[in-house]
Every structure is written in structure tokens, then in C-alpha cells.
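Open the model in your viewer and keep the selection panel at hand. The tour goes from stop to stop.

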Amino acid sequence: MSQIERIKQAIMADPQNESYMKQGIEPLFAAPKTARINIIGQAPGLKTQEAGLYWKDKSGDRLREWLGVDEDTFYNSGYFAVMPMDFYFPGHGKSGDRPPRKGFAEKWHPKLLKELPDIQLTLLIGQYAQSYYLNEKVSGKVTERVRRYQAYLPEFFPLVHPSPRNQIWIAKNPWFKEEVVPELQALVNKIIHQ
């Protein structure tokens with residue numbers, strides 16, 4: 001059994017995740033040893049949890065478009081790790097999904113990151129990932145972090161969530177598709193083809 005599989009078994013055995021285990025729900029993440037790009041988002045949505053595959057929804061389609069990669073490359077190349085702030089769907093809230101559970105990433109991300117020696121870039125999707133990994137030393141909101149993405153390179157690349165709910169944000173911020181997405185695609189292309 002690989003160390004990644006051992007970590008997965010430990011996540012599943014954790015009392016914090018007992019209700020998911022009773023329903024036969026496994027944690028959604030990917031940590032191939034060969035990963036070069038790590039994607040840290042909020043938590044799986046209900047559709048992706050039901051599908052048993054991370055980013056297998058309209059948000060994932062848009063994310064792959066922003067990355068400039070097809071589904072086969074995204075899922076099967078071994079270049080992408082996916083470690084959301086919570087590996088389970090946290091439930092529905094008043095306006096969208098509930099936030100990821102506190103303490104989850106703190107417990108499991110360091111163990112997984114030790115097994116990913118070749119990560120060159122970490123995408124921080126949305127406020128929860130950005131607040132955690134940027135240690136909240138950043139002033140401003142997600143929009144400002146995304147606008148100033150170059151300040152976080154080469155380690156991090158902050159992004160807005162690719163959810164269809166953010167269509168209005170994308171329309172209000174044309175600079176994102178005009179400037180940020182092409183830079184992201186160029187960087188991803190360089191990393192996976194070096």
C-alpha cells in the first residue's frame with residue numbers, strides 16, 4: 001500500500017468523517033507522485049461527490065478551459081494534484097454550499113504535500129484556500145488577489161471560483177479573461193511540457 005493510500009485510509013477512519021463513511025462516500029482528492037500543479041479549492045460539490053470524481057461538473061469544465069487542458073490531461077496525465085480545503089461535500093447553505101470544515105486542511109494537507117515533491121505551482125481557488133495558504137497577510141478580497149496574481153508567483157496563483165454562479169463577476173471583470181487566463185494557460189503549458 002502506498003503512503004497516499006495509507007493517508008486516504010486514515011482520512012476515512014477519522015471520526016470527523018464517520019457520517020460520510022457510513023454512507024460509503026470516499027474523500028475526493030488526487031495526489032499523484034508526479035504532480036506538478038496543485039489545485040486547492042473549497043470542497044467538492046454535491047454533483048462531484050455523487051460522481052466520485054473531483055471537478056466533474058460545469059465548474060470543472062470552466063476550470064479546464066482556464067487551464068487550457070482537456071479532460072484526459074486533467075485526469076490522467078499525473079500532472080495535477082487536487083486537494084480541496086475539505087475532501088467531502090459540506091452540505092447546502094443559505095446561498096450556495098456551506099464552507100469547508102475548519103481544521104480539515106490543517107490536518108491532512110501537510111501529510112499529502114510531503115508526498116508531492118514536484119509541485120511547481122499551487123492554484124488557490126476562492127477565499128478559503130487563499131486565506132489559509134496566504135496566511136491572511138493579504139489585504140483585499142478575492143478580486144484584488146486575482147488582479148494581483150503576479151505578486152504571489154511563482155508559488156501561488158489565486159483564482160476566482162469557476163462556478164457558473166460567478167458569471168456576473170466574470171462579466172464585470174473583463175480583465176480576468178483578457179489578461180489573467182492567458183497568463184495562467186501559458187504557465188500551465190510551460191510546466192507540463194518542460
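Are Y88 and F104 buried or exposed? Select them: Y88 is buried, and F104 is buried too. (Buried means under 20% relative accessible area, exposed over 50% and partly exposed in between, with a 1.4 Å probe and protein chains only.)

Before moving on, note that this is a predicted model, where local features need pLDDT of at least 70 and side-chain atom pairs count only at pLDDT 80 or more, while totals for chains, interfaces and linings use all residues. Residues are numbered from 1 along each chain as its sequence is written, and side-chain values use heavy atoms, leaving out hydrogens and water.

**Stop 1: the rings**

The whole structure holds 15 aromatic pairs. (Rings of Phe, Tyr and Trp, the last by its six-membered ring, pair if their centres lie within 6.5 Å; planes under 30 degrees apart are stacked, over 60 edge-to-face, the rest tilted.) Y88 and F104 make an edge-to-face pair, 6.3 Å centre to centre with 85 degrees between the planes. Y88 is in the loop between β2 (80-82) and β3 (92-93), and F104 is in helix α6 (residues 104-113), 16 residues apart.

Next, select Y149 and F157. Their ring centres are 4.7 Å apart and their planes at 20 degrees, so this pair is stacked. Both residues are buried.

**Stop 2: strand β5**

Select residues 121-125. Five of the five residues of β5 are buried, so the strand is largely enclosed by the rest of the structure. L121, L123 and I125 cover one side, T122 and L124 the other. Show the neighbours. Strand β1 (residues 37-40) runs parallel to β5, joined by four bridges. (Strands pair if DSSP finds at least two bridges between them.) I37 has L121 as its bridge partner. Strand β6 (residues 156-159) also pairs with β5 in the parallel sense, over four bridges. There, L124 stands opposite P158.

**Stop 3: charges over rings**

Select R64 and F74. R64 lies over the face of F74, 5.2 Å from the ring centre. Then try K111 and W108: the charged end of K111 sits over the W108 ring, 5.6 Å from its centre. (The test is NZ of Lys or CZ of Arg within 6 Å of the ring centre and within 35 degrees of the ring normal.)

Definitions and conventions:
Helices (H or I, at least four residues) and strands (E, at least two) are DSSP runs, numbered from the N terminus.
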